Amino acid sequence: MIVFRDLFLHFLQDMYYAEQQILKTLPSVVEATDNPKLKASLEDHIPETRDQIARLERTFEAIGEPVKGVTCEAILGLLQETEDILKETGGKGPVQDAGIISCAQAIEHYEIARFMTLTAWANAWGMEEAAANLQKALNVERAKNAKLNELAAAEVYGLAVVV
Ligand SMILES: [Fe+2]
Ligand SMILES: [Fe+2]
């Protein structure tokens, strides 16, 4: 039987793996849109994701655990879905942009869910430095999700032809 700390560590490792997979995938998603604002927002998420990885590394260090990832099937599924949607929409334009935003938001929501749990647990157990890092990581994903909401409304849905 595992204890709470093991579960905390599992989700921390899960997010460490997830952020690395996201970092690998982002350049191909950036390439899939010509919308300047969406492209810029996705491009910005590359250094932001590198910072998230560094933040997670500091979190491992703060709790005296080795930096390690564990395969996260959820993120692999969400990234696969993103790739499938790019194939399905078959070319650049407002429909593909809407698909990209929808898939990116599914990923942001996954990250938000995990970072919320990790932050809450770190706070509950008095892991102050870890909690501060995780709260910052949570804020970054929330801000990105809010930005995508804005872009969807202003840049994509307003232009998409609904049939
Ligand atoms: Fe992230
Ligand atoms: Fe993100």
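Donors are N, O and S atoms within 2.8 Å of the metal (3.2 Å for Na, K and Ca), and because water is not among the atoms, sites may look incomplete. In this predicted model, local features require a pLDDT of at least 70 and side-chain atom pairs count only at pLDDT 80 or more, whereas totals for chains, interfaces and linings use all residues. Residues are numbered from 1 along each chain as its sequence is written, chains are lettered from A and ligands numbered from 1 in the order in which they are written, and side-chain values use heavy atoms, with hydrogens and water left out.

Two iron ions were examined. Glu111 forms a bridge between the iron ion (ligand 1) and the iron ion (ligand 2), which are 3.2 Å apart. Glu111 is placed in helix α4 (residues 94-124) and Glu141 in helix α5 (residues 128-157), so this pair ties together parts that are 30 residues apart in sequence. Helices here are DSSP runs (H or I, at least four residues), numbered from the N terminus. The iron ion (ligand 1) is coordinated at 1.8 to 2.5 Å by Glu19 (OE), Glu19 (OE), Glu111 (OE) and Glu141 (OE). Along the chain, the donors of the iron ion (ligand 1) have the spacing E-x91-E-x29-E. The angles among the four donor atoms of this ion run from 55 to 135°, and the site is irregular. Four donors count as tetrahedral if all angles lie between 85 and 135 degrees; four count as square planar and six as octahedral if opposite donors are over 155 degrees apart and all others between 65 and 115; anything else is irregular.

His45 belongs to helix α2 (residues 36-62) and Glu111 to helix α4, so the pair ties together parts that are 66 residues apart in sequence. His45 and Glu111 are buried, a term that means under 20% relative accessible area, with exposed meaning over 50% and partly exposed in between (1.4 Å probe, protein chains only).

Glu141, a residue of helix α5, is buried, with a relative accessible area of 0%. Not counting residues up to four places away in sequence, Glu141 touches Glu19, His45, Gln52, Glu108, Glu111, Ile112 and Phe115; contact means heavy atoms within 4.5 Å. Helix α5 also holds Lys144, which counts as buried at 7% relative accessibility. The side chain of Lys144 reaches the backbone oxygen of Ser41 at 2.8 Å. Such a polar contact is a pair of N or O atoms within 3.5 Å; within protein, one must be able to donate a hydrogen and the other to accept it, and residues adjacent in sequence count only if both atoms are side-chain atoms. Beyond its neighbours within four places in sequence, Lys144 is in contact with Ser41, Asp44, His45, Glu48 and Glu108.

The length of helix α4 was also considered. Its 31 residues should span 45 Å at 1.5 Å a residue, and the end C-alpha atoms are 44 Å apart, which agrees; the expected span is 1.5 Å times one less than the number of residues. Just after α4, Gly126 adopts a positive phi of about 65°.

Thr33 occupies the loop between α1 and α2 and is buried, with a relative accessible area of 0%. Its side chain reaches the backbone nitrogen of Asn35 at 3.0 Å, and a polar contact of 2.7 Å joins the side chains of Thr33 and Asp97. In helix α1 (residues 4-31) lies Gln21, which is buried at a relative accessible area of 14%. Apart from neighbours within four places in sequence, Gln21 contacts Ile75, Leu76 and Leu79. Between Glu141 and Gln21 there are 120 residues of separation in sequence and 15 Å in space, C-alpha to C-alpha.

A search of the whole structure found zero disulfides, a disulfide being a pair of cysteine sulfur atoms within 2.5 Å. The cysteine sulfur closest to that of Cys72 is in Cys103, 16 Å away, which is too far for a bond. Cys72 is buried, with a relative accessible area of 1%, and Cys103 is buried, with a relative accessible area of 7%.

Notes: Helix = DSSP H or I, 4+ residues; strand = E, 2+ residues; numbered from the N terminus.
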